[in-house]
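Here are my notes for anyone opening this one for the first time. Have a look at the model, then go through the points in order.

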Amino acid sequence: EARGGKPPWPAFDQVSLSVLAAGLGCASRRVSSHEDLAAALDEIVPTLRGRTEPVLLDVAVAPDPEFRP
């Protein structure tokens, strides 16, 4: 993008990590609001100690227009 072209990979908002995880057999959930995040954490965190498989929580966040890596 710095040279005016489009990068050869998709933008982050075009990739669904929860769908990728589910495709690999990993339990996953995507949340996009504070309320959904709180509900997901209330449900998932108490089960973590007994889990034998991973779980992915895909949290959508608003981009920071001033972020410069």
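1. Val45 is found in the loop between helix 2 and strand 2; helices (H or I, at least four residues) and strands (E, at least two) are DSSP runs, numbered from the N terminus. With a relative accessible area of 46%, Val45 is partly exposed. On the cut-offs: buried is under 20% relative accessible area, exposed is over 50%, and partly exposed is in between (1.4 Å probe, protein chains only).

2. Before going further, note that this is a predicted model, where local features need pLDDT of at least 70, side-chain atom pairs count only at pLDDT 80 or more, and totals for chains, interfaces and linings use all residues. Residues are numbered from 1 along each chain as its sequence is written, and side-chain values use heavy atoms, with hydrogens and water left out.

3. How far can you trust it? The average pLDDT (the predictor's confidence in each residue, from 0 to 100) is 87 for the chain, and 88% of the residues score at least 70. Confidence is highest in helix 2 (residues 34–44), with a mean of 96, and lowest in helix 1 (residues 17–23), at 90.

4. Now the layout. The chain has two helices and two strands, and along the sequence the pattern reads α-β-α-β. Of its 69 residues, 12% count as buried.

5. Strand 1 (residues 27–31) and strand 2 (residues 55–59) run parallel, joined by five bridges; strands pair if DSSP finds at least two bridges between them. Look for Ser28, which stands opposite Leu56 in strand 2. Together with helix 2, the two strands make a right-handed β-α-β unit: with the strands pointing away from the viewer, the path from the first strand over the helix to the second runs clockwise.

6. How many salt bridges does a search of the whole structure find? It finds two, a salt bridge being a side-chain nitrogen of Lys or Arg within 4 Å of a carboxyl oxygen of Asp or Glu. One of them joins Glu43 and Arg29, with the closest N and O atoms 2.9 Å apart. Glu43 lies in helix 2 and Arg29 in strand 1, so this pair ties together parts that are 14 residues apart in sequence. Both ends are partly exposed: Glu43 has a relative accessible area of 47%, and Arg29 has 28%.

7. Asp58 forms a salt bridge with Arg30, and here the closest N and O atoms are 3.2 Å apart. That pair links distant parts of the chain, with Asp58 in strand 2 and Arg30 in strand 1, 28 residues apart. Asp58 is buried at 8% relative accessible area, whereas Arg30 is partly exposed at 47%.

8. Finally, check Leu17, which sits in helix 1 and is partly exposed, at 46% relative accessibility. Leu17 and Val59 are 42 residues apart in sequence, yet 9.5 Å apart in space, C-alpha to C-alpha.
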